[in-house]
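Please look through the structure shown below, and then follow the questions and answers that come after it.

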Amino acid sequence: MVCDTWSFLDEVTETLLEKADDVLVVTTPEVPALRHTKSFLEHISRNELTRGRITLVLNRFPSVNGIALQDIQKHLRYPVGANIPSEGQPITHSINRGVPVVMAHP
């Protein structure tokens, strides 16, 4: 089961985290997002909210004028497990033609 939660912690989200086998924390390489991500990671660690594995995922990485991966990991004190590249032009091309991006731009 996959649960896509909102970006703030409430009782429902904390319950889902406690029950999850795996947690994907998705963030972007901008200072405000990384600040909130660090706070979130510290909170769930301090309160032992998850018994499962946490994987940090960077969305839109690498990005133009973005923060370097090494700096992100150093700031968060957490390894990045995966990234979703910033591919604006291929995505727009794919959407406008109705062709999946993995077929239009393998």
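**Helix packing, charged pairs and overall layout**

In this predicted model, helix α2 passes α3 in a right-handed crossing.

Q: At what angle do α2 and α3 pack?
A: Two packed helices are described by the angle between their axes and by the distance between those axes. For α2 and α3 the axes are 9 Å apart. The angle at which α2 and α3 pack is about 35°.

Q: Is His75 buried, partly exposed or exposed?
A: His75 has its place in helix α3, and, when its neighbours within four places in sequence are left aside, it is in contact with Leu34, Arg35 and Lys38. The relative accessible area of His75 is 35%. Because buried means under 20% and exposed means over 50%, with the remaining class in between, His75 is partly exposed.

Q: How many salt bridges does the count come to?
A: Side chains of opposite charge can pair when their charged atoms come close. A pair is counted here if a side-chain nitrogen of Lys or Arg lies within 4 Å of a carboxyl oxygen of Asp or Glu. By this rule the count of salt bridges comes to two.

Q: With which residue does Arg53 form a salt bridge?
A: The closest N and O atoms of the pair are 3.4 Å apart. Arg53 lies in strand β2 and the partner in strand β1, so the pair ties together parts that are 31 residues apart in sequence. The partner of Arg53 in this salt bridge is Asp22.

Q: In what order do the elements of the chain run from the N terminus on?
A: The chain has five helices and three strands. Its C-alpha atoms fill a box of roughly 45 × 35 × 20 Å, taken along the principal axes. From the N terminus on, the elements run α-β-α-β-α-β-α-α.

Q: What share of the contacts with a separation of 6 or more comes from residues 24 or more positions apart?
A: Of the 106 residues in the chain, 25% are buried. Among the contacts with a separation of 6 or more, those between residues 24 or more positions apart account for 64%.

Q: Where in the chain is confidence lowest?
A: The mean pLDDT of the chain is 87, and 99% of its residues reach 70 or more. Confidence is highest in helix α3, at a mean of 94. Confidence is lowest, at a mean of 76, in helix α4.

Methods. Residues numbered from 1 in each chain as written. Predicted model: local features only at pLDDT ≥ 70, side-chain atom pairs only at ≥ 80, totals over all residues. Heavy atoms only, no water. pLDDT = per-residue confidence, 0-100. Helix = DSSP H or I, 4+ residues; strand = E, 2+ residues; numbered from the N terminus. Axes fitted to C-alpha atoms, helices over the stretch in contact; angles between N-to-C directions. Left-handed = near helix turned anticlockwise from the far one by under 90°. Buried < 20%, exposed > 50% of the residue type's maximum accessible area, 1.4 Å probe, protein only. Contact = heavy atoms within 4.5 Å.
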